[in-house]
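This briefing is intended for a reader who has the sequence and the structure at hand. Please keep both in view while working through the points that follow.

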Amino acid sequence: MATEEEGPAAQTGRAVLSLATDVGGAAVLAARLARRMVPPRLDGPELWRNLYRMGVRSLPIVGVTALFTGGIMVIQAGVLIRRFGAEGLLGWGAGFTTLREVGPILIALMFSGRVGANNTAELATMTVTEQIDALETLAIDPLSYLILPRVLSMVVMLFVLTVYGDVLALLGAAFMGDALLGVSTATFWNGLLDAIRVWDLATGLIKSALFGGVIALSSSHYGLSVSGGAPGVGRAVNASVVASATGIFVCDYLATYILQ
Amino acid sequence: MERLEGPLEAAARTVLADARELQGVFLRALYWTARGRREPGEVARQCYEVGYRSAFFLSVTMGFIGMILVFQSGLQLLRVVPDLSQLGATFLELLVRDLGPTISAMMLATRVGAGIAAEIGSMVVTEQVDALRMCGVDPVDHLVVPRFIASMIMTVVLVMFSGLVSFAAGGATAWFVFDVQPLTYANFSLLDRGDLITGLAKCFAYGAAIPIVSGWCGLTTRGGSEGVGSATTSAVVNSSLAVIMLDLVISGVGFVVFV
Amino acid sequence: MIEVTNVWKRFAAPVLRDVTLRVPQGCLYGLIGPGAAGKSVLLKCLAGLLRPERGSVRIFGQAIESLDEVSLQAVRNRVGMLFQNNALFDHLTVAENIAFPLRRRGITDEAEIAARVADRLRAVSLPGFEQRLPGGLSGGQKKRVGVARATVTRADVVLYDEPAAGLDPVTSQKIFDLLRREQQEAGATVVMVSSDIDRLLTVTDRVGMMLDGALIFDGTTAEAQGSLHPVVKQFVHGEVDGPL
């Protein structure tokens with residue numbers, strides 16, 4: 001809570017401290033989860049339940065987002081195509097940005113809003129109603145039982161959903177190219193297949209797994225470290241989606257340099 | 001409803017009902033924007049809420065977007081032509097026409113949309129919205145309209161500001177990585193009237209859509225504090241989705257009209 | 001004054017089943033019943049906040065179930081309501097909360113507003129609380145501010161949803177006595193939902209009991225206390241053995 005009297009220096013200091021607390025907290029959470037991976041100690045049925053619910057419920061929203069993204073990227077590339085009169089470049093122009101950059105980011109942002117925010121809200125509610133403490137008194141490790149299945153599910157599902165989204169985005173792009181620019185589907189596919197290397201597709205998918213990790217860690221961290229009853233849950237959800245979005249862009253930046 | 005309906009039919013029915021409610025909120029917001037009496041401080045306070053608190057977050061994300069995209073497109077251009085003099089001009093055009101407004105609006109949908117839904121939603125579950133109605137106040141007028149006006153103003157301001165940050169961050173990348181001089185990079189030759197109009201139209205459309213969609217999610221909150229949680233989540237998802245849909249529509253219209 | 005005829009309302013399951021009820025002018029009517037019996041829903045139907053699927057709700061002789069929000073306003077201007085959770089506006093001071101309905105009814109004279117707010121705060125024994133914020137008040141104080149806001153417009157009909165919920169017995173009795181005094185001074189028609197039956201029955205003129213969405217009893221307070229209906233008898237006298 002920043003009060004009115006604080007100077008800019010105090011506010012900056014406070015912001016830096018809370019940033020360090022949250023990044024550090026998420027890193028500690030990651031380390032504690034990693035220790036439970038070797039040998040794997042996690043709840044199998046809980047994993048399947050989470051995979052199903054996070055995946056299936058996100059299908060419509062990811063599908064719509066991907067279809068539209070493909071269409072939008074064709075329109076953006078279309079301006080260049082008209083300017084240079086090179087229809088064959090449409091597959092490259094639209095396909096490259098969609099598969100490698102914009103597709104994974106938009107799908108991850110949607111996933112963060114749908115699944116990540118929901119995860120924070122659930123974990124935060126369990127924390128403020130002392131359900132997490134109750135698990136511990138029953139000698140059940142909340143990290144193995146609750147958190148690890150969720151984190152794994154989010155990483156796996158965002159990857160799978162991005163594959164599914166890539167397909168739909170290309171369909172949307174091909175349709176839009178035909179409808180708006182009059183570029184036939186065959187020309188679009190040829191342009192795409194000539195210009196896109198498997199590595200381009202792979203970087204998009206590697207990034208999506210990274211984004212999944214960022215969303216999973218930040219949403220779980222904010223859910224577990226909530227304080228302040230029911231209004232605290234709202235604040236935790238808000239902080240978690242903001243942190244996920246920032247994390248996605250920072251990770252994307254780093255990944256772009258490393259995976260060129 | 002005697003007849004059994006399939007899941008698709010049921011989904012279509014829900015979507016239609018939601019669309020009708022959403023349209024109702026939108027029309028009432030327009031009506032009260034034109035007719036309502038405003039307390040002068042209220043819109044300014046919302047501008048501060050929407051704008052000042054999102055400015056830092058938006059500049060960080062848009063700065064990263066600028067660096068990433070310039071780096072990516074630089075590499076791509078080098079594959080085709082060895083000349084990077086058009087890099088800045090091409091990026092600026094894309095930034096103004098689409099990515100600036102759209103990515104910023106996705107961020108605003110996350111930050112502002114969630115805040116609006118949480119605030120209005122908790123007023124619904126504590127019956128404060130019913131109390132407003134008993135006092136003869138349309139909740140749309142009192143709660144949604146100030147945010148609606150503030151969001152339209154601040155979206156334009158924030159998009160310009162964060163677009164500038166993004167362009168500058170891209171320029172730094174172009175300079176350090178590809179050795180493109182800032183004066184070569186800052187090239188406005190490709191920017192035309194169509195780009196500016198399309199970009200501005202998107203700012204206004206997103207700025208209008210986010211508070212309307214999130215306000216609707218907040219006003220239809222059911223149940224207790226879990227209800228507020230799910231209203232917040234659906235505000236983020238639905239207003240992001242609204243942004244993407246509007247992007248496609250406005251981009252398409254802009255392309256047909258201006259290209 | 002208030003006439004409810006054959007009203008049905010459902011959410012997921014039916015919550016009001018064929019409710020018919022008359023509350024004469026100047027009557028303090030108590031609505032009792034176990035949890036989830038439909039009392040609060042009925043109250044919100046009277047205020048036009050919820051619309052019944054079937055049946056009619058008439059207040060001041062006007063059928064409100066078919067009115068749109070704008071026409072409802074004329075009716076609501078003559079109705080005051082206290083909500084279960086008080087519904088005080090968090091961002092306004094106590095004085096502004098109480099003044100809110102006055103300002104919305106077009107009263108702009110600041111001196112008159114201040115006088116009426118001060119008068120209300122004296123009536124609920126909270127003088128000098130004008131500049132406090134709702135967040136810093138106790139449960140009982142919030143209730144009393146809620147009562148002040150519900151009565152400040154001198155409405156002809158006042159609806160109270162659980163005016164004593166969560167209060168200690170002494171404060172609770174004080175609130176009921178206050179509401180009775182207010183009602184008699186203003187000559188208002190009042191419908192009051194409460195689970196605190198012992199204290200509620202000390203102030204009511206008539207009593208209705210609801211069970212599973214239906215009104216199973218309607219009569220004077222004395223009739224309710226002497227009722228031989230097994231459910232009403234058990235509920236009114238708080239017996240453990242019985243049909244409930």
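In this predicted model, the residue A:S219 lies in helix α7 of chain A, a helix that covers residues 198-224.

- Is A:S219 buried or exposed? A:S219 has a relative accessible area of 0%, and it is classed as buried because this value falls under the limit of 20%.
- Leaving aside residues up to four places away in sequence, A:S219 touches A:G116, A:N119, A:T120, A:M154 and A:S240.
- An α-helix has 3.6 residues a turn, so residues three or four places apart point the same way.

**Chain B as a whole**

- Chain B contains eight helices and zero strands; read from the N terminus, its elements follow the order α-α-α-α-α-α-α-α.
- Along the principal axes, a box of roughly 65 × 50 × 35 Å holds the C-alpha atoms of chain B.
- Of the 259 residues in chain B, 55% are buried.
- When contacts in chain B between residues at least 6 apart in sequence are considered, 85% of them join residues at least 24 apart.

**Surface and charge of chain B**

- Chain B carries 17 positive and 21 negative charges. The mean position of the positive charges and that of the negative charges are 4 Å apart.

**Helix α3 of chain B**

- Helix α3 of chain B spans residues 87-125, and at B:L95 this helix bends by about 60°.
- How many of the 39 residues of α3(B) are buried? The number is 31, and the helix is accordingly described as mostly covered.
- After α3(B) comes B:E127, which has a positive phi, near 65°.

**Chain B against chain C**

- The contact between these two chains involves 15 residues of chain B and 21 residues of chain C.
- Between chain B and chain C, about 1700 Å² of area is buried, and carbon and sulfur atoms give 54% of it.
- Which three residues supply more than any others of the area that chain B buries against chain C? They are B:E127, B:R133 and B:M134, which supply 40% of that area.

Notes: Residues are numbered from 1 along each chain as its sequence is written. Chains are lettered from A and ligands numbered from 1 in the order in which they are written. This is a predicted model: local features need pLDDT of at least 70, side-chain atom pairs count only at pLDDT 80 or more; totals for chains, interfaces and linings use all residues. Side-chain values use heavy atoms; hydrogens and water are left out. Helices (H or I, at least four residues) and strands (E, at least two) are DSSP runs, numbered from the N terminus. Buried means under 20% relative accessible area, exposed over 50%, partly exposed in between (1.4 Å probe, protein chains only). Contact means heavy atoms within 4.5 Å. Lys and Arg count as positive and Asp and Glu as negative; His and the chain ends are not counted. The place of a charge is taken as NZ of Lys, CZ of Arg, CG of Asp or CD of Glu. The bend at a residue is the angle between axes fitted to the seven residues ending there and the seven starting there. Buried area is the accessible area (1.4 Å probe) that two parts lose on being put together, summed over both.
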